[in-house]
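Have the structure open as you read.

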Amino acid sequence: MAGSSATVVAGLTAAAVATVGFLAYQASAHVPAGLGRPQAAAASPTATKAPRDKKHPAALPGGSGTGERVVYSVDDDRVWLVLAGDKVERTFTVTPGNVDPLPGVYAVTSRSNAVIGTDGTPIEHVVRFASAKGVTVGFSAAVDDSTPEPALGRRTGGVRASREDAKAIWLFATIGERIVVIR
């Protein structure tokens, strides 16, 4: 009897492993092309600085795309959460790490509610969207609401916002949401 039980368990385990493998394949086959990679340069805001309204420096820059999106200016250290029709829901300044993503259009690839940052700081509302120089880039907030300068010699891609602003990004930018990085 023990031999037949072991055979049944082995058969069920093999079937479960095959099912998980099949489902993993199906999931990977349906990932949108280019998720987390910049799109073609011709279709994205590129290396030239996007036009600004000099009288209203917090206004949404021209040339930052259309439709619902998050716009991140690496030159101005500012983020805009933009609804359809170019209506800015919220804008705020951020403190970047020392590794910036290239200008282009990205998509949110992963999110974490709470983790330890690459600098050892407990962070929350992490929204990852790019990789640059082997470093993952994403928005987050330090749990203690600090925005320290990156440690010397350590490459970091964390774009720190206040806890309130990071929560707004977290609620706005779900998996696949467009992130437009401009100069």
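Start with Ser-112, whose side chain makes a polar contact with the side chain of Arg-128 at 2.8 Å (a pair of N or O atoms within 3.5 Å, where one must be able to donate a hydrogen and the other to accept it). Keep in mind that this is a predicted model, where local features need pLDDT of at least 70, side-chain atom pairs count only at pLDDT 80 or more, and totals for chains, interfaces and linings use all residues. Residues are numbered from 1 along each chain as its sequence is written, and side-chain values use heavy atoms, with hydrogens and water left out.

Is Ser-112 buried or exposed? Ser-112 counts as buried because its relative accessible area is 17%, and the cut-off for buried is under 20% with a 1.4 Å probe, protein chains only. Leaving aside residues up to four places away in sequence, Ser-112 touches His-125, Val-126, Arg-128 and Trp-170 (heavy atoms within 4.5 Å).

Ser-112 sits in strand β5, a strand being a DSSP run of E with at least two residues. β5 runs antiparallel to β6, and six bridges join them; two strands pair if DSSP finds at least two bridges. Along this pairing, Val-115 stands opposite Ile-123 in β6. Five residues separate the two strands of this hairpin, and Gly-120 in the turn has a positive phi of about 90°.

Technical notes. Helix = DSSP H or I, 4+ residues; strand = E, 2+ residues; numbered from the N terminus. Buried < 20%, exposed > 50% of the residue type's maximum accessible area, 1.4 Å probe, protein only.
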